[in-house]
Each structure stands twice: as structure tokens, then as C-alpha cells.
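Dear colleague,

Please find the structure below, handed over for your own work. My findings follow it.

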Amino acid sequence: MASPAPLPPAEADPGARLVLAEHLLACESAVACARAVVDWLARRHGAPAACVGPGEVAGASVCLASEGLTGAQQAALARAWDAPGSPLATFRTRPGARWLAADALEGAAMPGGFLAVPLGRPGATAAALLMVGLPGPAVPEDVAWVASSAGPHLARQLASDARAPRRPEPDRLLRRVINAVSDPVLLTDTDGTLLFANARAEGLLVAGPDASPGRMRAVELNQRLFRETLAQGGTSVHRREVPLVDPLEGMDLLFELVTTPVLAPDGPSVVVSVLRNLTDLGRATQALGESYRQLRATEREARSERHRLDRVLDSVADPIILTDPAGGMVMMNDPAERLFAWPQAQGAAGEGAADESTLRRVRTNIALFASFLANLLGPVNAGVSRWKSQLTLDDPATGSPVPMEAMANKVLGDGGELTGIVTVFHDRTEVLERARLLERVKEVSSELEARVQSATAELAEQNEKLRRQAIQLEQASAAKSQFLANMSHEFRTPLNAILGYTNMLLQGVSGEMTPPQRRNLTRIDSNGRHLLEVINEILDITRIEAGRMPLHLSDFGIPELLQEVMAEMDPIIARSKLTVETRLDEGLPGVWSDRQKVKQIVLNLLSNALKFTHEGGVHIAAEYQNATGTVAISVKDTGIGIDVSNQEKIFEDFQQVDSSPTRAYGGTGLGLSICRRLAAMLGGRVSLQSAPGQGSTFTLHFPRRARRT
Ligand code: ADP
């Protein structure tokens, strides 16, 4: 049924009427015609309007079109038009419009009254009634015009609608409806014989005589499967799955079959079957199951990753906290929990609530951490990915401060968005302690340095003093040596003269002397010689100390040297009545040294041995010690011996074991000190082995080949 174009606003009289007239001509149904008239009048007058006419059910009128009326008002108007004897029903036979008051109708169809205008062919019974909510009793001219021009047209349309079949016959309609259903629908008898199938069902279960063999086979198979499945159902509503084949594509399909038996009281029973395609649903379910399995596997993997991560994090000694982008704590390891988690959560259940101070410290730590994170999350640091700072947290258990270095790293997602923040803390207690110790060490070290500097300065001062003293001593020693050398020389000259004259007198140069004169002169000679010996020894020492006694190195043999010594000492040996023996090593090599000095040392040692030995003898031995390259000449006596306490002392100047004025042995106490100095000049030394009453052994050790110094 075609519908005319919507009406334009009806402002100008001739134009508007023309438009309505054209519109009415285009209307192909009574309803469309009534709608056009009602709309035109309602808009033109801004009032409610309606058109009542015959409905589809014979004998019952309806509101063909209305504007500004409720459904109840429309129904009331239709009833009033049909009710015999009602004010409206009179319009069916009485032509002409008139105004009806509001209470003219039961149900007050139009408050305030309305104009009622019968519509139809002139002279015939009214086919419909037009009603406009306008004050009466005068009928506006355009309302009258509408009634005269639309009335006949509407009557014609009503007659035409009544002639045309308004709907298909119920059986055909049912078939069309069933065919329009997208699922296959079948009607079978109880044996499964197909009575009716919609287009979809025919596609699966029916094949024409000209169908391809493949389709024939597929349809046969489908029919068999369908019948078998149908046979499993009872007489009640039944649901089960039935696998079929797509006759076109050959693909496997899965359907849910819903069968409903329809029991006809006067005929054979039939079964209505509806097939619902589950293939896609099955596939979707399968895919869903697979996704679900994957999801579970991923979930398991994530859980195990999380466990692993937890274990890794807990094994780290440094506290680590993972926070979400808003700064909320998501995860933390055990060391972090000790600082940031509420104590109840840390301990085993039932440990009791922590005291207020512990809670306060945890709160403080959390606040410090939040303020640290705020720096990283603030707009100033939007482009910064890591933030480092130093915080001093409180140990919740003990309250002692824990200096920490916190390093926060932003964790970004694939799209660069912030997904979390990982913060790692590093305890700086040890570092600070080390720095403190280092500082202390530096302080001590600089103190020490200052002390060393002052000690060094003092030492340098002392050294300087010592150096000056050494110079002074050296100068004094040189002066002393010079003095002694001069004095010795000064002493020796007159002394030699005295000894010379004494000797001449003793030889009788001035005539024979009486025995007392000779005795006295002999004493003068003896004392003079002793004095000369002392002066010579002093002179030797001063010359050695003044460096005026040079080495005269030469090749010589020890045996010859010892022979000379023995010859020189012979008168003394003879007087002593001691046995003096010499034993020389076989293969004693010749030596390169200062012969005079070696001889002087040996003479001195032998002279001492003879002096301090009263009985027994003196044994002189010489040997060469290959390992050290030294020659050893020892003088061993059976004399009085020397106590250990005196064995060092006797090598010093003027030192004797017995230095009392009443001492039994003469001497100056200079002999051994000269020997020690001379041996040192040769690169050797003098050693002593002795014990009181058991004799003494003095040994001169010196290198076979002296080195010139
Ligand atoms: P002097 O013999 O002129 O006193 P020395 O320097 O030669 O001087 O000797 C120092 C002292 O060593 C001697 O006075 C003596 O007491 C002791 N002495 C030296 N040789 C011997 C020795 N062979 N036996 C015992 N005492 C000795």
C-alpha cells in the first residue's frame, strides 16, 4: 500500500487546499485519506482532530486517524459512532455538520466540545465522521471545504478497501511465516514421514528428481539420521543433538532437534520439529574452550612466574617494593615487609597487636616512601624514568634509624604507558660507618703526620746538634792527637838523650863507677825505657786515630814472621824459664797483608803471655781457614787467666785487670787496644778465650789477602 508524501503546513488557503487535494488523490487507502485530513485540520487550527470509520472487523468502527487524542478517547469515539441512538450515530443518516457540547457524548471524548462533520458521498449515508475540537456552533469554512472534498474520496476508498482482500488466508499465511523462519522447521507424522518442510529444512532433507548424486546421498543420509533421532524422542517435547551433512558443501553440521508432538483430537497426530544449527555454536564453544584452556595455562604460568619472582625478591637482602602507577603498594619482599608492613601481617597469627610506637614507625616509613615516590610521579618528572634519593627510615622493631638509598624505576608497558614502579632500597649503615672510620683514620693519620713532622724536625735539630758536636769532637780529637803526637815527640827526644847518656855512663865512658852508682844508673835506664815504651804506644794510638798510620801491604810468609818474633823475644823467653812452642799448619799459604802490623800484634800477645804466666809454657799456632779465607795466629798460655767480666774491658785504652797502685804486673794498658786497632786496619779482629787460673788464648784473625781501604 503506497503512502502519499507528508503534508506541508497548511497556512495559505488556496495553496494549502490544493496541496491537500493533491495528497488525497494520491492516497490509496481510507486510513491514509483519513490521516491526511486529520493532520491538515489539526495543524491548521492547532486543535485535536479525529476521523471515525468502519474497521476491518465487520460491524466494528475504529478511529481511522486521530491527532491530540488518547487511545481511550479514540475508542470512546468509535464506540459512540457505532452505538445506535447515540448523538454520533445520528450523523450516519443526517447530513451536515454541527457542534456538539462536551457532555453530548458519554466518556467526554473531546473536552470543551467539538464539531462533528459526516463524510461521504452527497446524498448517501455517511461513511465516516470527522471530528474537530473547535468551538461552535459555526462551522469554519475550511472545515466545510474539507468535508465536501475529502468525504466522497474517503467513501470511495472505504468501499475499495472493503472489496480488496485485506490479508492472506490463514493457511497460506502460516506457510509463509514458517518459510520465513531461518531455522529448518518440519512437520512429520509419528513415523517420521515428511508432511511439510520449510525452505531451510528442504535444503537439508529434500532432493528433487534432478538433484546431483552427491546431494541425493547427502539428503538420504540426513533423512536417515533425522528419522533415527526422531525415533528416540517420546510423545513429549524433546531436545537432542543430531549430526547432519550440508548437501551443498559436504561439511559436517550439528543441529539441536526440538520436537513437539501435536495431538489432533479429530485426526492423526503429527510432530513439529525445529532444527537449530549448533555447528557455529559448537565451533565457538570449542574455540572458547581452547581460549579458556590457554587462559588457564597462562594463568598457571603467571602464577608460577609470580611465585618465582616472589622467591627471587625474598632472596634479595635489600628491600624491594612494587607499586602501581598511583603509588599504591602492590608487592614487597620480606626485607621490605619488615619496614613497611603492619606488624600483625608480619608475624604468625595470634602474636598480638604491635605496640603503638611500632605502628607509628611503620606509618612514618610509609609516609616517607610516599613522599619519595611523589617526586617521581609528579608532573616535573614526567619524562624521568628513574629517581634516586636518600631516606632515613625507622626500624619498626627497635626504633633505630636506618639510613637508606632508594632507587625507583618506572616500568613502562608496550605502549610506553606507566604500569608500575619498582623501588629498591640499599642500607647505607655500613657505608656510612666505613666513611666515618675512614674520616677517623684520616684524622689520626694527619695527627700522626703532624707528630712525625714535629719529631722529624726535632730529630733533624738533634742531628744537627750531634753533627756539630761530632765536628767539635773530631776537632778536639784531632787537637788531642796532634797534642799527643807533639808531646810524644817532645818527650822522646830528651828521653832518647837521657837513655843515650845513661848507656854511655854504664859502658864506662866517664870512668869506672861504683856498684851503687851502676845500680842507680841501671834503674834510670830501665824506667827511661819504660817511659819510652809508653810514649811509643801513645804515639801509635794517636797516629792510628789521626789516620797517619798507613797500610804497607806485601807478600810474606807466616813461618818467617814467627821466626823473627821468636828471635826478638828470645832473651825474655830465656829469662822466663817457660817452654815456648810453635806449631804451624801444613800448607799454610803466603799472605798479602801489612807484615809490620801483624808482627807487632803477635809480639804484643806473646809478650803478654810471657808476662802473665809463671809456670808451664806458651804455645803459638798458625792455621789457614779455607772457608773464610782467613789466617789465625793464636798465642795460648798457662798463665793467670782473665775473668769473663774483664775480657771486654782489657781491649780499651789504659785498661788493665789490676790497675791498683800496688799491682804486681807492669804495663800501660795500651798494648791490647793497639792490637785491636791494628787488627781492624788489617780487616781482622782479636778474640780471647780465658778463665781465671786456666790460662788464656788470644787469637789474631785476619784475611789472607787484605783489601786496601
Ligand atoms: P799491659 O800488658 O801493658 O798492662 P795490655 O793492654 O797488653 O797492657 O794488657 C792489658 C791487661 O790485660 C794486662 O794488664 C793484664 O791484666 C791483662 N793481660 C793481657 N795479656 C794477658 C795474659 N796473657 N794473661 C793474663 N792477663 C793478661
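**Findings from the predicted model**

Arg17 sits in helix H1, which covers residues 13–26. Please keep in mind throughout that the model is predicted. With a relative accessibility of 14%, Arg17 falls under the 20% limit and therefore counts as buried.

**Aromatic pairs**

Seven aromatic pairs turn up when the whole structure is searched. One of them joins Phe369 and Phe425 in a tilted arrangement, with 5.8 Å from centre to centre and 55 degrees between the planes. Phe369 belongs to helix H11 (residues 356–377) and Phe425 to strand S15 (residues 418–427), so this pair ties together parts that are 56 residues apart in sequence.

**Helices H12 and H13**

Helix H12 runs over residues 429–506, and its buried residues are Ser481, Ala485, Ser488, Leu495, Leu499, Thr502 and Leu506. Helix H13 is included in what covers them. After H12 comes Gly508, with a positive phi near 85 degrees.

H13 itself consists of 31 residues, 515–545. From its first C-alpha to its last it reaches 45 Å, which is close to the 45 Å expected at 1.5 Å a residue. A glycine with positive phi follows this helix as well: Gly547, near 70 degrees.

**The contact of H13 with H16**

Which helix does H13 cross at roughly 30 degrees? The partner is helix H16 (residues 671–681), and the two axes come within 10 Å. The crossing is left-handed. On the H13 side, the contact is made by Glu537, Asp540, Ile541, Ile544 and Glu545. H16 contributes Gly671, Ser673, Ile674, Arg677, Leu678 and Met681. Sorted by class, the contact has five nonpolar, two polar and four charged residues.

Asp540, a residue of H13, may be of particular interest to you. At 15% relative accessibility, Asp540 counts as buried, because the limit for that class is 20%. Its contacts, leaving aside neighbours within four places in sequence, are with Met549, Gln600 and Ile674. Of these, Ile674 is among the H16 residues named above.

**Positive phi outside glycine**

Lys577 is one of them, at about 60 degrees. Lys577 is placed in the loop between helix H14 (558–576) and strand S17 (579–584). Its relative accessibility is 73%, and Lys577 therefore counts as exposed.

Phe654 is the other, likewise with a phi of about 60 degrees. This residue is found in the loop that lies between strand S20 (630–637) and H16.

With kind regards

How values were computed. Residues numbered from 1 in each chain as written. Predicted model: local features only at pLDDT ≥ 70, side-chain atom pairs only at ≥ 80, totals over all residues. Heavy atoms only, no water. Phe/Tyr/Trp six-rings, centres within 6.5 Å; stacked < 30°, edge-to-face > 60°. Helix = DSSP H or I, 4+ residues; strand = E, 2+ residues; numbered from the N terminus. Expected span 1.5 Å × (residues − 1). Axes fitted to C-alpha atoms, helices over the stretch in contact; angles between N-to-C directions. Left-handed = near helix turned anticlockwise from the far one by under 90°. Contact = heavy atoms within 4.5 Å. Nonpolar A, V, L, I, M, F, W, Y, C, P; charged D, E, K, R; others polar. Buried < 20%, exposed > 50% of the residue type's maximum accessible area, 1.4 Å probe, protein only.
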